[in-house]
Amino acid sequence: MRKRAAALVLCLLLMLQITAPSVRAEQSVYFVAVGSNVLPLTDATMPFWSGGYLYISSSIFTGVVWSAVGISHVPANARQPLILYSGEDRSLIFNLDKPYAEDPQGNTYYPGAVVRNGNVFVPASVVASYFGLQYSLIPNVEHGYLVWLRQPGYGLSDEEFATAATYPMASSYAQYLKSKESAQQTTPTPSVPEQDEEETPAVNGKNVYLCLKAGENTAQLLDVLDSAGEKASFFCSLEFLWTQGDLLRRMSASGHTVGILVDGEDSRSVTQQLHEGNEALWRAACTKTRLAYLENGDSADLQAAQEDGFRCIYPDLDRGSYSLSGTAQAEALLERITARRGSVMVWLGENVSAGGLNAFLDLAQEAEDRCLAVTETT
């Protein structure tokens, strides 16, 4: 019955696609589909990335949409948190002043909700995992990306659904551009006081994505990063994921990203390691990841991970065989980063001391570089 219904949706959407309107390109956007419904596109409710998590507006769980995924919500107000619920026994409570969500039993789930422009956004992966939904981020659709939430067993692959949803997305994008043009025409351009040339803020430096291997001194490295207000990505072995729950929860709550470190020489397959790693991460921090770093693997291992939906990172600069223990090493690292154009992803491995990382962050901030965490689309 599910397959028949899915096939019907596919046919209807493909029929509509024949007359898809053409629109001029303006910017990359994030479409949202819940079940078979492609939602209206607005700046106020568009998904965004923060701390390695993709956030979606809680307002999508209203009207006809809730029946597609079985989730409804109680909006937050001055005295009450946001509540997402499904049935009588499954609910997530988002207190907007806390960095996590809670269920009725008091279990915590990281990260929590984010308020942007008066709208409450929730992490898509956390909501999908808790309520047993399937969640996809489909790249390379016309004009940007497609975030798709649905019940399991929908009957269409990501590619099939994206193809079938071409017309609704094109129509939504056309309305989006029309509303923006209308707003620009009706909103007077504010006068801007003239500034001297030297008072105009300049954007200097570059984005640096630091990737580290979690180990014995991870807590000290987190102390340094948090003190400097910078972010990084930690790739964790299965042993670390099963035994270091406190550190994993801290990483998630403070905006760093967690990836899975897999070994191509392990007796278990790459996909087995990845799924076991996500199981451990879910038990520890109620979240999962699609980021992975492959050691001692070959092209077949890489292909297997990618076909299973994981993103294996490719560092622009591999410094895993070098140590970062002091100012001299920090200066050498910054020199190599500066020599490259654009953003730089750096693999530092495990030979990093707290003092060496602190020295590098000081130098990077002097150069106006920004240290960020890798995301699924970085």
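The following paragraphs move from the whole chain to one strand and its partners, and then to individual side chains.

The model is a predicted one. The protein contains twelve helices and 21 strands. Of its 378 residues, 43% count as buried. Its accessible surface comes to about 19,100 Å², and carbon and sulfur atoms contribute 48% of that area. Among the contacts in the protein with a separation of 6 or more, 65% are accounted for by residues 24 or more positions apart.

β1 has pairing partners of both orientations. With strand β13 (residues 144–150) it runs parallel, and six bridges join the two; within this pairing, F31 stands opposite L146. With strand β2 (residues 37–38) it runs antiparallel, joined by two bridges, and here V38 is the bridge partner of A33. The hairpin formed by β1 and β2 has two residues between the strands, and G35 takes a positive phi near 65 degrees in this hairpin.

Aromatic side chains form a further theme. A search of the whole structure finds 15 aromatic pairs. One of them joins Y109 and Y130 in an edge-to-face arrangement, with 5.1 Å from centre to centre and 75 degrees between the planes. The planes count as edge-to-face because their angle is over 60 degrees. Y109 belongs to strand β9 (residues 108–109) and Y130 to helix α3 (residues 124–130), so the pair ties together parts that are 21 residues apart in sequence. Are these two tyrosines buried or exposed? Y109 has a relative accessible area of 6% and is buried; Y130, at 4% relative accessibility, counts as buried. Ring pairs also extend this group, linking Y109, Y130, F131 and W282 into a cluster.

Aromatic rings also meet charged groups. The charged end of R290 sits over the ring of Y135, at 5.0 Å from the ring centre. In a second case, the charged end of R319 sits over the ring of Y322, at 4.0 Å from the centre.

Another tyrosine, Y176, is found in helix α5 (residues 166–186). Its relative accessibility is 2%, so Y176 counts as buried, the cut-off being under 20%. Which side chain does the side chain of Y176 meet in a polar contact? The partner is the side chain of D43, at 2.4 Å. Y176 also lies 6.4 Å from T42, C-alpha to C-alpha, although the two residues are 134 apart in sequence.

S58 is found between β4 (53–57) and α2 (64–69). What is S58 in contact with, leaving aside its neighbours within four places in sequence? The residues concerned are H73, L82, V120, F121 and V122.

Technical notes. Residues are numbered from 1 along each chain as its sequence is written. This is a predicted model: local features need pLDDT of at least 70, side-chain atom pairs count only at pLDDT 80 or more; totals for chains, interfaces and linings use all residues. Side-chain values use heavy atoms; hydrogens and water are left out. Rings of Phe, Tyr and Trp (its six-membered ring) pair if their centres lie within 6.5 Å; planes under 30 degrees apart count as stacked, over 60 as edge-to-face and the rest as tilted. Helices (H or I, at least four residues) and strands (E, at least two) are DSSP runs, numbered from the N terminus. Buried means under 20% relative accessible area, exposed over 50%, partly exposed in between (1.4 Å probe, protein chains only). A charge sits over a ring if NZ of Lys or CZ of Arg is within 6 Å of the ring centre and within 35 degrees of the ring normal. A polar contact is a pair of N or O atoms within 3.5 Å; within protein, one must be able to donate a hydrogen and the other to accept it, and residues adjacent in sequence count only if both atoms are side-chain atoms. Two strands pair if DSSP finds at least two bridges between them. Contact means heavy atoms within 4.5 Å. Accessible areas come from the Shrake-Rupley method with a 1.4 Å probe; for residues, only the protein chains shown count as cover.
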